[in-house]
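Please look at the sequence and the structure before reading the notes.

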There are 4 protein chains.
Amino acid sequence: MSKRKLKMGMIGGGPGSFIGAIHRIAANMDGQIELVAGAFSSDPAKSKQAGEELFLAADRVYNSYDEMFEKEKALPEGERIDFVSIVTPNHVHFDPAMKALDHGFHLVLDKPMTLTLDEAKQLHAKVKESGKLFCLTHTYTGYPMVKEAKQLIAKGELGRIRQVYVEYPQGWLAEMLESENNKQASWRTDPSKSGKAGAMGDIGTHAFNLAEYITGLKITKLCADINIQVEGRKLDDDGNVLLKFDNGASGVLIATQTATGAENNINIKVYGEKGGLEWQQEDANSLVIRNHNKPDHILRAGTPYLHDYAQANTRTPAGHPEGYLEAFANLYRNFARTLHAQMNGQQAEEAWKDFPGAEDGLRGMAFVHHVIESGKSDQKWTDFTV
Amino acid sequence: MSKRKLKMGMIGGGPGSFIGAIHRIAANMDGQIELVAGAFSSDPAKSKQAGEELFLAADRVYNSYDEMFEKEKALPEGERIDFVSIVTPNHVHFDPAMKALDHGFHLVLDKPMTLTLDEAKQLHAKVKESGKLFCLTHTYTGYPMVKEAKQLIAKGELGRIRQVYVEYPQGWLAEMLESENNKQASWRTDPSKSGKAGAMGDIGTHAFNLAEYITGLKITKLCADINIQVEGRKLDDDGNVLLKFDNGASGVLIATQTATGAENNINIKVYGEKGGLEWQQEDANSLVIRNHNKPDHILRAGTPYLHDYAQANTRTPAGHPEGYLEAFANLYRNFARTLHAQMNGQQAEEAWKDFPGAEDGLRGMAFVHHVIESGKSDQKWTDFTV
Amino acid sequence: MSKRKLKMGMIGGGPGSFIGAIHRIAANMDGQIELVAGAFSSDPAKSKQAGEELFLAADRVYNSYDEMFEKEKALPEGERIDFVSIVTPNHVHFDPAMKALDHGFHLVLDKPMTLTLDEAKQLHAKVKESGKLFCLTHTYTGYPMVKEAKQLIAKGELGRIRQVYVEYPQGWLAEMLESENNKQASWRTDPSKSGKAGAMGDIGTHAFNLAEYITGLKITKLCADINIQVEGRKLDDDGNVLLKFDNGASGVLIATQTATGAENNINIKVYGEKGGLEWQQEDANSLVIRNHNKPDHILRAGTPYLHDYAQANTRTPAGHPEGYLEAFANLYRNFARTLHAQMNGQQAEEAWKDFPGAEDGLRGMAFVHHVIESGKSDQKWTDFTV
Amino acid sequence: MSKRKLKMGMIGGGPGSFIGAIHRIAANMDGQIELVAGAFSSDPAKSKQAGEELFLAADRVYNSYDEMFEKEKALPEGERIDFVSIVTPNHVHFDPAMKALDHGFHLVLDKPMTLTLDEAKQLHAKVKESGKLFCLTHTYTGYPMVKEAKQLIAKGELGRIRQVYVEYPQGWLAEMLESENNKQASWRTDPSKSGKAGAMGDIGTHAFNLAEYITGLKITKLCADINIQVEGRKLDDDGNVLLKFDNGASGVLIATQTATGAENNINIKVYGEKGGLEWQQEDANSLVIRNHNKPDHILRAGTPYLHDYAQANTRTPAGHPEGYLEAFANLYRNFARTLHAQMNGQQAEEAWKDFPGAEDGLRGMAFVHHVIESGKSDQKWTDFTV
């Protein structure tokens with residue numbers, strides 16, 4: 001361990017931001033990271049207000065990310081920020097991300113990676129070229145029981161995978177919130193800020209990422225039914241997708257933001273030749289294992305019998321429920337542990353390096369592209385290429 | 001009420017039959033029906049054995065259904081059977097069903113209706129023409145909370161329906177049971193006995209029926225991915241289907257018999273503009289109602305606040321769980337109550353007449369036909385016609 | 001098997017009876033028993049009405065149980081009733097039960113056994129002396145997963161038992177229903193009809209019986225807090241009891257009928273040195289097994305891995321939920337199977353003979369006696385003697 | 001808000017401490033507090049090691065709490081610590097707590113308050129006299145749905161409370177861990193470090209506090225069965241307690257650390273004349289409301305329909321589960337918000353001031369005293385006095 005906390009600068013996350021506050025809690029939680037600088041809003045007054053509320057030194061609250069990159073870069077190592085966290089809407093991902101890397105900062109970026117697939121390809125290339133550490137915040141991969149599921153499958157405990165069902169049901173866009181001046185709704189349903197997809201970009205990408213993460217498989221083709229359920233909306237708010245995976249497995253992905261009354265219970269079921277598993281965010285600390293003609297097993301977070309990834313991603317013993325914020329914090333903690341190791345010339349543990357990166361981001365944007373194209377097509381299957 | 005129990009003759013359900021025993025329990029439960037005759041097997045010795053175990057008079061245990069029809073018809077009314085219950089594999093549905101009606105008997109028939117869509121059309125016409133009472137045993141429509149769901153939606157409490165998700169996951173065919181001399185597996189995976197579909201005919205039809213029953217909507221097109229997961233099997237054992245309904249709603253139907261470790265938890269979620277509902281067989285006495293920005297409500301069987309259909313289809317107060325056999329018995333009890341009323345020249349209550357009939361059977365066979373055709377097609381959507 | 005169904009005569013269960021209808025469904029379900037006679041009410045007109053609705057021959061519907069015993073006894077064996085089922089309120093248990101045995105009939109009796117402990121002792125002695133088969137309908141012991149729990153503990157899989165928690169929460173008496181002419185409430189809260197206990201007799205005895213049945217242990221002392229929560233009520237409607245068992249285990253029994261909004265979710269948790277188990281009626285087909293530093297296991301009814309008692313007490317494969325009526329029917333089916341075996345000079349299987357008998361009834365009445373006495377005592381522990 | 005974070009000094013929480021790490025996460029999470037000093041262990045080398053791992057300045061890692069108090073007090077306001085957090089075993093609560101107050105520091109203290117009731121009385125008096133802010137970390141009162149339960153009852157939505165059932169089942173002491181050199185087990189089972197109670201002090205006090213917190217009632221008498229389930233242990237590891245409350249309500253408290261396989265699912269059920277509520281930590285974001293002859297309602301954390309306390313104690317919208325660490329962080333955040341307000345001469349909101357204080361600590365120690373005395377008594381009821 002280095003002798004100091006890692007220093008973070010934030011882009012976005014000003015007054016009224018949902019995800020900015022989440023990122024800060026996640027970064028704070030484990031005492032590995034301190035927020036020291038920020039360009040919290042494109043409106044300098046709002047950026048200043050945020051900086052004050054966050055107890056930042058006034059001279060490190062910037063009017064723009066360009067200013068932040070320049071001034072921070074000029075500070076001595078150890079004082080300047082080590083990495084940047086970008087928590088803006090989708091249309092303000094690409095430019096600051098490219099510039100952060102250009103200025104030599106490591107990078108945490110909210111999903112989806114960019115506004116377009118083309119931007120994603122460029123950013124993916126830039127990350128590889130830069131050698132900087134990059135984390136894309138696909139929160140759900142941070143849950144310990146999701147990691148346990150991944151490791152169980154990787155070790156062959158379910159046998160060859162046959163079926164993958166992943167659902168992400170939300171209901172908060174069941175009404176036309178974007179016409180009621182709701183900030184969260186407005187940018188997410190605006191093609192210029194959200195990209196070519198609405199629900200499929202916002203939450204479909206999480207479901208897609210979760211399915212590939214847990215199974216270790218890659219989707220090779222898909223067939224999508226993409227809908228606008230609320231009249232007048234400009235982007236999809238609902239969709240159902242048939243999936244094929246590279247080992248021949250079949251699957252279904254459901255992502256909707258208009259399932260009235262649904263909260264956020266992303267869930268996945270995977271079945272293989274030898275058994276199945278089921279995980280849902282509402283019961284995040286349990287992993288149900290289905291066995292053929294034998295009792296189900298319920299694996300629980302915080303227990304001694306789990307594999308190393310799950311062990312490395314809990315803070316409390318069994319029965320002290322950790323949740324969404326801890327899953328998010330696991331991304332930051334693993335990013336920080338890996339970066340600390342790198343800075344100290346040490347080897348990071350495998351479990352620490354297990355956070356989503358540029359490859360995940362690129363595949364996510366390919367998903368957005370193909371799923372929307374398939375939705376418009378009369379042909380059943382659309383090939384999934386990157 | 002007439003002064004006597006209704007008299008039932010059974011076709012099929014001999015030694016080793018699963019569903020025959022279920023039908024008998026369902027018919028027995030409420031003391032409205034007595035089993036007095038049967039042709040329980042195509043093997044006369046087995047039919048005789050079954051008759052003895054069931055305490056039947058020896059002269060009313062027949063060697064064939066043809067013999068049963070003839071001899072029972074010759075008995076005086078009040079002594080002869082009032083109706084026939086057919087519980088054979090699919091390929092022995094059409095012939096005895098047509099003959100039962102020709103001989104003037106009312107009819108209970110296990111699902112799916114017939115081996116082919118063409119047979120279903122003929123039987124459907126024959127039922128209409130005969131004026132006899134006909135019940136197709138789509139068990140899951142017999143659950144009180146399924147009926148409550150139907151009535152809530154019919155009364156508009158969810159508003160216009162937008163999404164329908166129905167799943168029927170089983171795992172018992174995860175291995176090649178048909179090569180192990182398993183009677184249940186063997187006929188279900190044999191096209192000459194099961195028809196053109198395996199899982200889609202056996203359980204997909206239940207899921208299809210449940211979706212149309214609860215929502216009151218009709219499917220207008222579908223897009224199917226139909227799979228054989230176990231190598232060497234002759235019929236589908238897994239499939240995922242995108243759905244469109246006649247009001248524009250979208251949906252997904254999943255039916256699989258190879259989800260290793262899954263039991264039989266058929267479940268459905270329906271969301272409308274104003275709210276959603278969720279039902280699953282494993283928690284059959286609850287109906288979850290999702291509300292927008294208001295608490296979920298959990299409706300429970302046996303309570304005084306339910307609508308009339310649910311009230312008419314429970315036997316116990318809340319907290320005394322009824323299950324699969326009671327749901328099945330509700331079909332028989334409603335059939336019996338309606339038949340009793342008809343025989344006594346009375347009006348049956350609406351709630352009693354709410355059991356699946358020939359129209360459901362015909363649509364189920366159309367589902368089997370279209371879903372298999374769609375599975376072979378490169379075109380995304382296949383129209384659902386009857 | 002004998003060549004005929006067993007013939008049952010019923011005492012009580014006329015119009016408005018809850019439990020009478022339940023007993024008939026339970027007796028009907030498996031086709032082993034036919035109801036052929038009855039004295040359904042102390043009001044002959046009501047008895048007649050019940051007989052008609054149940055399709056009985058008019059000459060076997062009696063004005064009193066005395067008449068039934070006399071006339072049925074006079075019928076030839078094979079035509080007359082084989083056994084009597086008594087489903088009246090508690091104060092009409094003792095007299096007909098004693099007379100049934102005196103007239104040579106086998107006996108099914110609703111719980112609790114009698115009005116007083118003294119009556120219970122006499123009836124217990126009479127059962128032993130008569131050699132007749134006797135079943136007391138403690139329903140919850142009929143559940144397959146309750147039987148599995150019993151066998152697991154008997155085989156030592158939990159090690160020495162340390163803690164037993166049993167709860168029976170109901171809320172239907174949360175208001176003063178007995179002043180609203182509610183038949184079920186009225187007799188249960190009337191000391192002359194219910195005995196010295198209200199809730200403790202009606203449902204506390206079930207909880208007591210379940211705890212002793214599952215653990216195989218006997219309660220040796222108890223300490224009770226007995227309450228009347230609804231002002232003006234004459235008998236206890238709520239109580240909490242500390243327990244000690246004959247192996248040194250501790251426990252708690254909670255039985256209340258004034259837990260507003262509670263339905264009927266009787267549940268039990270047992271922990272031993274090596275593991276624990278939990279069962280609740282609302283999820284009756286599951287048995288949760290707790291393990292030390294190993295995953296929980298969920299055992300499910302209808303699976304092939306259960307012990308013989310559970311296997312013998314299900315009718316359907318896993319995932320087809322059976323409930324309260326099937327648990328009740330298991331008592332009747334096991335009684336009938338054992339009686340059939342006895343009549344045919346055969347050995348009944350152990351699993352068939354596993355239904356509650358006179359010993360359970362006597363201990364239940366001792367529980368009623370001691371728990372009420374303890375409730376009045378200032379001394380902590382009251383010895384449990386019979 | 002003041003222009004800076006609050007500065008915290010920690011006592012205890014060195015290498016191997018469970019609860020120290022929890023306190024730090026809770027203090028970090030919301031960015032209101034920074035850990036700047038500590039006396040992490042009575043072993044100076046261990047204290048130093050902890051300080052380094054926590055990135056503290058070397059000159060603010062102390063060899064003893066006495067040293068910390070003295071040196072910190074000498075620092076200028078704004079630089080020195082604002083408050084102390086004590087996370088040591090019970091026998092090291094009283095002395096540092098008294099001294100912290102004497103030195104003018106505000107105080108967060110882990111539960112139970114002290115080793116003895118007498119110490120608790122002194123500390124309680126000292127807190128009152130000092131006027132310093134004091135928080136006792138009864139974690140479970142920090143859950144938003146626990147706060148919602150409290151407010152619902154306070155507003156009379158359940159009517160007069162009749163029954164209170166609170167359970168705290170753990171299984172981690174099912175074996176003799178203290179003889180295996182387990183640090184957590186060793187001090188908790190040692191009377192010189194834990195006090196006169198084992199399980200009743202460690203977790204019984206949480207259950208006691210939760211019951212009084214939610215209901216707003218006070219316990220007036222109790223009847224305890226206190227057990228040592230593991231042979232050779234020196235303190236209770238299991239117990240069951242009958243309760244009476246000051247409004248006449250009855251209750252049961254169960255606390256055990258030897259329920260093999262149980263994790264940490266503290267739970268409470270409260271029933272009143274008009275309805276009931278149920279909360280369990282394993283499903284911490286739900287609050288079940290039971291209604292008489294109406295559907296159950298499921299209230300959910302993060303929704304707009306909750307009362308102000310719950311609203312003020314969540315960070316995420318519904319469906320993003322918060323857990324144990326957020327509940328703990330709510331104590332620190334509310335303490336910090338209140339302290340900030342006080343330092344700035346502002347009024348703290350009611351919801352912020354809702355954290356456990358010296359009165360709760362004193363009553364908790366009275367509970368420990370009376371419950372152990374009752375366990376030894378032959379008399380049924382023991383008065384609960386303070």
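Predicted model: local features only at pLDDT ≥ 70, side-chain atom pairs only at ≥ 80, totals over all residues.

Residues are numbered from 1 along each chain as its sequence is written, chains are lettered from A and ligands numbered from 1 in the order in which they are written, and side-chain values use heavy atoms, with hydrogens and water left out.

**Annotated domains of chain A**

- The UniProt record, an unreviewed entry, places "domain: Gfo/Idh/MocA-like oxidoreductase N-terminal" at residues 7-136 of chain A. UniProt positions are given in the numbering used here, feature names are shortened, and annotations may be inferred rather than shown by experiment.
- Residues 7-136 of chain A are 42% helix and 18% strand, with the end C-alpha atoms 18 Å apart. Helices (H or I, at least four residues) and strands (E, at least two) are DSSP runs, numbered from the N terminus.
- UniProt also lists "domain: GFO/IDH/MocA-like oxidoreductase" (unreviewed entry) at residues 147-278 of chain A.

**Interface of chain A and chain B**

- In this contact (heavy atoms within 4.5 Å), 49 residues come from chain A and 49 residues from chain B.
- The area buried between chain A and chain B is about 3400 Å², and carbon and sulfur atoms give 46% of that area. Buried area is the accessible area (1.4 Å probe) that two parts lose on being put together, summed over both.
- There are 4 salt bridges across the interface of chain A and chain B; a salt bridge is a side-chain nitrogen of Lys or Arg within 4 Å of a carboxyl oxygen of Asp or Glu.
- B:Lys269 and A:Glu167 form a salt bridge, with their closest N and O atoms 3.3 Å apart.
- Between chain A and chain B, 28 residue pairs are in polar contact (both at pLDDT 80 or more). A polar contact is a pair of N or O atoms within 3.5 Å; within protein, one must be able to donate a hydrogen and the other to accept it, and residues adjacent in sequence count only if both atoms are side-chain atoms.
- The elements of chain A that each supply at least two residues to the side touching chain B include β6 (161-169), β8 (238-245) and α12 (358-376). On that side of chain A, β8(A) gives the most, with 6 residues.
- The side of chain A that touches chain B has 15 nonpolar, 20 polar and 14 charged residues. Here Ala, Val, Leu, Ile, Met, Phe, Trp, Tyr, Cys and Pro count as nonpolar, Asp, Glu, Lys and Arg as charged, and the others, Gly among them, as polar.

**Interface of chain C and chain D**

- Chain C and chain D meet through 49 residues of chain C and 49 residues of chain D.
- These two chains bury about 3500 Å² between them, with 46% of it on carbon and sulfur atoms. C:Thr260, C:His292 and C:Lys380 supply 20% of the area that chain C buries against chain D, more than any other three residues.
- The interface of chain C and chain D has 4 salt bridges. C:Lys269 and D:Glu167 meet in a salt bridge at 3.2 Å, N to O.
- Across the interface of chain C and chain D, 29 residue pairs are in polar contact (both at pLDDT 80 or more).

**Charged and aromatic pairs**

- Side chains of opposite charge can pair when their charged atoms come close.
- Over all chains, the count is 116 salt bridges.
- A:Lys48 and A:Glu52 form a salt bridge, the closest N and O atoms being 3.5 Å apart. Both residues lie in helix α2 (residues 44-53) of chain A, 4 residues apart, about one turn of the helix.
- Over all chains there are 56 aromatic pairs. Rings of Phe, Tyr and Trp (its six-membered ring) pair if their centres lie within 6.5 Å; planes under 30 degrees apart count as stacked, over 60 as edge-to-face and the rest as tilted.
- The rings of A:Tyr140 and A:Tyr168 are edge-to-face, because their centres are 5.7 Å apart and their planes are at 85 degrees.

**Backbone geometry**

- Most residues other than glycine have a negative phi, and most peptide bonds are trans.
- B:Lys111 and B:Pro112 are joined by a cis peptide bond, with omega about -10 degrees. B:Pro112 lies in the loop between β4 (106-109) and α5 (117-130) of chain B.
- B:Phe55, although not a glycine, has a positive phi of about 65 degrees.
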